[in-house]
Amino acid sequence: MTFLKTRKYLLWAAKMTYKKFTEDYLAKGLIKKQRADLKSTEKLIIRAQKDLQTAKANLTIDEGVAYTVAYLAMLRSARAFMLLKGFRPSDGYQHKTVVEFMFHFLGKEFKEIVELFDRMRRKRNIFTYEIDISISKTEADNAFDTAVKFVNLIKEIIKRENPQTEFKF
């Protein structure tokens with residue numbers, strides 16, 4: 001998906017209500033209902049934190065690996081958020097669906113970080129499947145910083161929405 005198509009989607013999605021978004025994505029088979037599970041949510045966040053440690057450790061070893069693992073930390077924390085809302089991605093475009101879900105549910109206030117998440121998704125895909133692509137040190141550092149902010153944001157939201165629960169993250 002090109003940057004312009006992504007922006008067009010993001011503008012369209014911003015106009016959808018929660019009910020319309022979930023009905024549309026359920027009907028298209030992009031998401032499935034899943035029982036909200038705080039234990040699984042917690043496990044995904046703990047794994048995302050471990051991914052951040054791994055990404056940081058790899059910044060001086062392999063920028064591509066650091067970038068990819070930083071992206072995975074974001075993906076896992078976003079999936080934790082989806083699970084908390086009672087959904088999971090269910091199609092062949094799971095990564096894209098997760099990003100779209102996050103854009104819709106986090107809204108305009110967090111538009112910039114979700115757009116970065118989407119750019120990282122596309123770049124990680126190219127890096128993974130193309131032969132002659134590299135990730136610069138600056139890109140890896142920026143990806144790590146973005147991932148830390150994103151994971152912390154999701155953790156804060158999860159804790160705020162579940163004040164009665166003591167999480168291990």
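This is a predicted model: local features need pLDDT of at least 70, side-chain atom pairs count only at pLDDT 80 or more; totals for chains, interfaces and linings use all residues.
**Entry 1: Thr97.** I started with threonine 97, which sits in helix H5, residues 94–106. Is threonine 97 buried or exposed? I looked up its relative accessible area and got 2%. The cut-off for buried is under 20%, so threonine 97 counts as buried.

Next I asked which residues threonine 97 touches, leaving aside neighbours within four places in sequence. My list reads Tyr25, Leu30, Ile31, Pro89 and Asp91. I then checked Tyr25 along the chain: tyrosine 25 and threonine 97 are 72 residues apart, yet their C-alpha atoms are separated by 8.8 Å.

**Entry 2: H2 against H5.** For two packed helices, I need the angle between the axes and the distance between them. Here the angle is about 165° and the axes are 11 Å apart. Angles over 145 degrees count as roughly antiparallel, so that is what I wrote down for H2 and H5. Their crossing is left-handed.

**Entry 3: the core.** I moved on to the largest nonpolar core, which has 48 residues. Which of its members touch the most other members? They are Met102, Leu106, Phe117 and Phe150. The helices that each supply at least two residues of this core are H2, H3, H4, H5, H6 and H7. H4 gives the most, with 13 residues.

Not counting residues up to four places away in sequence, methionine 102 touches Ala78, Phe81, Gly107, Val114, Phe117, Phe150 and Ile154.

**Entry 4: H6 against H7.** Phe117 and Phe150 came up again, this time where H6 meets H7. The axes of H6 and H7 come within 10 Å and cross at roughly 130°. That angle makes H6 oblique to H7. The crossing is left-handed.

On the H6 side I listed Ile113, Leu116, Phe117, Met120 and Lys123. They meet Glu139, Ala143, Thr146, Lys149, Phe150 and Leu153 in H7. By class, I have 7 nonpolar, 1 polar and 3 charged residues in the contact of H6 with H7.

Definitions and conventions. Residues are numbered from 1 along each chain as its sequence is written. Side-chain values use heavy atoms; hydrogens and water are left out. Helices (H or I, at least four residues) and strands (E, at least two) are DSSP runs, numbered from the N terminus. Buried means under 20% relative accessible area, exposed over 50%, partly exposed in between (1.4 Å probe, protein chains only). Contact means heavy atoms within 4.5 Å. A nonpolar core is a set of buried Ala, Val, Leu, Ile, Met, Phe, Trp, Tyr and Cys residues joined through side-chain atoms within 4.5 Å. Axes are lines fitted to C-alpha atoms, for helices over the stretch in contact, and angles run from 0 to 180 degrees between N-to-C directions. Angles under 35 degrees count as roughly parallel, over 145 as roughly antiparallel, 65 to 115 as roughly perpendicular and the rest as oblique. A crossing is left-handed if the near helix is turned anticlockwise from the far one by less than a right angle, and right-handed if clockwise. Ala, Val, Leu, Ile, Met, Phe, Trp, Tyr, Cys and Pro count as nonpolar, Asp, Glu, Lys and Arg as charged, and the others, Gly among them, as polar.
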